[in-house]
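Here is a short briefing to read alongside the model. Please keep the viewer open as you go through the topics below.

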Amino acid sequence: MSFDLIVKGGTLPDGTIADIGIRGETIAAIEPTLAAEAGRVIDATGDLVSPPFVDPHFHMDATLSYGIPRINASGTLLEGIALWGELKQVMTLEEVRDRALAYCDWAVSMGLLAIRTHVDTCDDRLLGVEALLEVRKQVAPCIDLQLVAFPQDGLYRDPTARENTIRALDMGVEIVGGIPHFERTMADGTRSVTELCELAAERGLMVDLHCDETDDPHSRHIEQLAYETQRLGLQGRAAGSHCTSMHSMDNYYVSKLLPLIAEADVSIIPNPLINIMLQGRHDTFPKRRGLTRVKEMQALGIRVGWGQDCVLDPWYSLGTADMLDVAFMGLHVAQMSSPADMAKCFDMVTNVNARIMGLDHLGLAVGKRASLVVLDAGNPIEAVRLRPDRLCVVSRGKVVSERPKRDAALSIAGRPATINRRHRVAD
Ligand code: FE2
């Protein structure tokens, strides 16, 4: 028996030490030891071998545009939307495509091999849609790119958004998006959730709505999304992104809301970097942190993943395409500090996000697609703590990014510092 590639001796996220044998684009064997020929052997001894990172919430049409044509002075969501409106007037298809491709290069180097990006459909030219459809095709060998038709300025608030969203779906965008809290009234927001869910049901598509990205405790569109998901049979195919208003909601109301979300099997995608940056901007003190109720939802079995949302764009001035940054921030803001919760944060940016996106072919198991990441860390918790180098990234059986392990830094006394800051907690 022979393999095209063997990843040898790595530690899997569950602590198992194993060799992974790859044939073609598929994981063909996972055994304690594989004594077989291979086209190439990657020594992962002592390193973490993980499924690829997955980002279920991003805006690739805006990424890497920070400072064009100006920066967001107030730091609010609303100024970000206004600034994006200014940028849309001047950007070209080539610029959007090239920025998105540059981001995809970053993503691959970070082991981020699946991304769900929203793409603005409030532009009669549908320039972003056209650009990202091209990007999706170009990056397909490395990245599963899902596109969400996103009427950024409101399905009803923007005069041609409805028509353009449908055009985008006809062009090949595969998920229905929306922004109910940005419609003119709460009633319009509710109506938009219904119409968008109906559109998804009619076409057999998934739906992923920006839901209640606000500090307003009365913004309750997630309730309507749960209701429509159940009414239209969209269970397992619907997601509510952000859901920041839940941070501020009345506790009694939430005690009724969460079981409804669980019953409807709606996934929730908080975006901790951007949520903590944008929310609470109208508060003095105490200042709300604007993150949805992650642990409380997980306790009820609701699928919650961490999303990145933005990197260097009108809403967020930082970011590196590293989903471990996202997990690190999420862990802090949601106070997920127990060992089990810290490990869960790693699982959220890999396996849980893949499930939210319906990517059943990802995962470390025989028969799954041979896409994986070797990290300079001993286990998932250490990976979140260190956000370490991705030593090797394999996509569809091919090595697509590689870097040598760094030498230990020198301490002030000229002796090697603790190697790569790794630390083993006593069993
Ligand atoms: Fe978003």
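A residue is called buried when its relative accessible area is under 20%, exposed when that area is over 50%, and partly exposed in between, using a 1.4 Å probe and protein chains only. By that rule Pro 56 is buried, because its relative accessible area is 0%. The model is predicted, so local features need pLDDT of at least 70 and side-chain atom pairs count only at pLDDT 80 or more, while totals for chains, interfaces and linings use all residues. Residues are numbered from 1 along each chain as its sequence is written, and side-chain values use heavy atoms, with hydrogens and water left out.

**Around Pro 56**

- Pro 56 sits in strand β6; here strands (E, at least two residues) and helices (H or I, at least four) are DSSP runs, numbered from the N terminus.
- Which residues are in contact with Pro 56, leaving aside its neighbours within four places in sequence? They are Arg 116, Asp 208, Ile 269, Trp 306, Gly 307, Asn 353, Ile 356 and Met 357, where contact means heavy atoms within 4.5 Å.
- Between Pro 56 and Tyr 253 there are 197 residues in sequence and 27 Å in space, C-alpha to C-alpha.

**Backbone features to check**

- Most residues other than glycine have a negative phi, and most peptide bonds are trans.
- Ile 68 and Pro 69 are joined by a cis peptide bond with omega about -10°, and Pro 69 belongs to the loop between β6 (53-58) and α1 (77-90).
- A cis bond also runs from Phe 285 to Pro 286, with omega near 0°; Pro 286 is in the loop between α8 (272-278) and α9 (294-299).
- His 242, in strand β11 (residues 238-242), has a positive phi near 75°, and His 242 is buried at 0% relative accessibility.
- Ala 321 has a positive phi too, of about 70°; Ala 321 lies in the loop between α9 and α10 (323-333) and is buried, with a relative accessible area of 0%.

- The chain divides into domain 1 (2-51 + 363-410) and domain 2 (53-356), with bounds that come from an automatic or database domain assignment.
- The contact between them takes 22 residues from domain 1 and 22 residues from domain 2.
- Taken over C-alpha atoms, the centres of the two domains are 30 Å apart.
- About 1,700 Å² is buried between domain 1 and domain 2, with 67% of that area given by carbon and sulfur atoms; buried area is the accessible area (1.4 Å probe) that two parts lose on being put together, summed over both.
- Val 384, Arg 387 and Arg 390 supply 35% of the area that domain 1 buries against domain 2, more than any other three residues.

- How many salt bridges does the rule find across the interface of domain 1 and domain 2? There are three, a salt bridge being a side-chain nitrogen of Lys or Arg within 4 Å of a carboxyl oxygen of Asp or Glu.
- Arg 369 forms a salt bridge with Asp 144, and their closest N and O atoms are 3.1 Å apart.
- On the side of domain 1 that touches domain 2, β5 (48-50), β13 (372-375), α12 (380-386), β14 (390-395) and β15 (398-402) each supply at least two residues.
- The largest share of that side, five residues, comes from α12.
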